[in-house]
Amino acid sequence: AQRKDPGQLDAWDRTMRAHWHIRRFTREDLAQALGLLNEAIALDPTNSMALSDLALAHHFEAVFGWGNALAESHARLGEAARKAVAADDGDAMAHTALAIFDLFSGRHDEARRRLNRALDLDPNSVFARGYLGISYAWVGDLDATAANADEAMRLSPRGPLLVIWHLAKGWAALLAERYNEAVEFTEQAREANPEFPDVYAVLASANGQLGRAAAASSALDELLRRMP
């Protein structure tokens, strides 16, 4: 087999280290991931995995308010995702990153089309399957959300993304006005990763709707501590 040059090996190492940091879902880890990914891409501009992860890093930077400006972070998500697809059109993760950009830009049908393209490329893509569930969560379709989120959890029952898939079901239940189920699913998300900020947004909303003022207030405090 052809040996990689030291620069390529170094880019791969930085990409894998960043891959781990992103999925810890803390502001400090995200900052480390962004630094590593920019270094990796400088060494290898065609590294589709690094470009996809850079897109995801800017995505979380935007939704959690950890960047300088939400619109700027979202635009960088789209730019990195488009570069990832251009670098490797057969990379399911690259298409998933671009689908996330479409989803958070309000283009839900286009996002689902691209997520299904990603699943055609890799039927075992946990990210594509899970984000397909999220696309249904936002319209309160709990059945479609659960089918995709549960499949993502089946594919990776111990992965770091479990918090998102449980939470997707919580979002869907909240929008469907099934507040007890929203709390139940979101508590499962908190068990998977108590640092994920949106856990506390859903808990605050659902408990508030149920008239549980103390629980709602406590959840809101936890949210504001993570997203001041």
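Good morning. By class, the lining of the largest pocket in this structure comprises five nonpolar, two polar and four charged residues. In that classification Ala, Val, Leu, Ile, Met, Phe, Trp, Tyr, Cys and Pro count as nonpolar, Asp, Glu, Lys and Arg as charged, and the others, Gly among them, as polar. The model is a predicted one, in which local features need pLDDT of at least 70 and side-chain atom pairs count only at pLDDT 80 or more, whereas totals for chains, interfaces and linings use all residues. Residues are numbered from 1 along each chain as its sequence is written, and side-chain values use heavy atoms, with hydrogens and water left out.

Let me stay with the pocket. The residues that line it are Leu34, Asn38, Ile41, Leu51, Leu54, His58, Glu61, Arg76, Glu79, Ala80 and Lys83. Three helices, α2 (27-43), α3 (48-63) and α4 (70-87), each supply at least two residues of this lining. Helices here are DSSP runs of H or I with at least four residues, numbered from the N terminus. The space in the largest pocket is about 170 Å³. A pocket is found on a 1 Å grid over the protein atoms alone, as an open set of points where a 1.4 Å probe fits, with protein on both sides within 12 Å along at least five of seven lines; lining residues have an atom within 4 Å of a point. Grid points are joined across faces, edges and corners, and the volume is the space filled by probe spheres set on the points.

I turn now to α3. This helix has 16 residues and reaches 23 Å from its first C-alpha to its last, close to the 22 Å expected at 1.5 Å a residue. The expected span is 1.5 Å times one less than the number of residues. How many of the residues of α3 are buried? The count is 14 of 16, and the helix is mostly covered. Buried means under 20% relative accessible area, exposed over 50%, and partly exposed in between, with a 1.4 Å probe and protein chains only.

The N-terminal end of α3 is capped by Asn47, a side-chain oxygen of which lies 3.2 Å from the backbone nitrogen of Met49. After the helix comes Gly65, with a positive phi near 70°.

Leaving aside neighbours within four places in sequence, Ser48 is in contact, that is, has heavy atoms within 4.5 Å, with Ala84, Ala87, Asp88 and Asp91. The side chains of Ser48 and Asp91 are joined by a polar contact of 2.8 Å. A polar contact is a pair of N or O atoms within 3.5 Å; within protein, one must be able to donate a hydrogen and the other to accept it, and residues adjacent in sequence count only if both atoms are side-chain atoms.

Why does Ala55 count as buried? Its relative accessibility is 0%. Ala55 touches Leu77, Ala80, Ala81 and Ala97, not counting residues up to four places away in sequence. Its C-alpha is separated by 5.0 Å from that of Ala80, 25 residues apart along the chain, and Ala80 is one of the pocket-lining residues.

Next, α11. Helix α11 (residues 198-209) has 12 residues and reaches 17 Å from its first C-alpha to its last, close to the 16 Å expected. Its buried residues are Asp198, Val199, Tyr200, Val202, Leu203, Ala204, Ala206 and Asn207. What covers them includes α9 (162-175), α10 (179-192) and α12 (213-226). Gly211 follows α11, and its phi is positive, near 80°.

In the loop between α10 and α11 sits Asn193, which counts as buried at 12% relative accessibility. Beyond neighbours within four places in sequence, Asn193 is in contact with Arg24, Phe25, Val163 and Val199.

Phe25 lies in the loop between α1 (6-22) and α2. Its phi is near 55°, a positive value in a residue other than glycine. Phe25 is buried, with a relative accessible area of 3%. Glu177, in the loop between α9 and α10, likewise has a positive phi, near 60°. Is Glu177 buried or exposed? At 58% relative accessibility, Glu177 counts as exposed.

Thank you.
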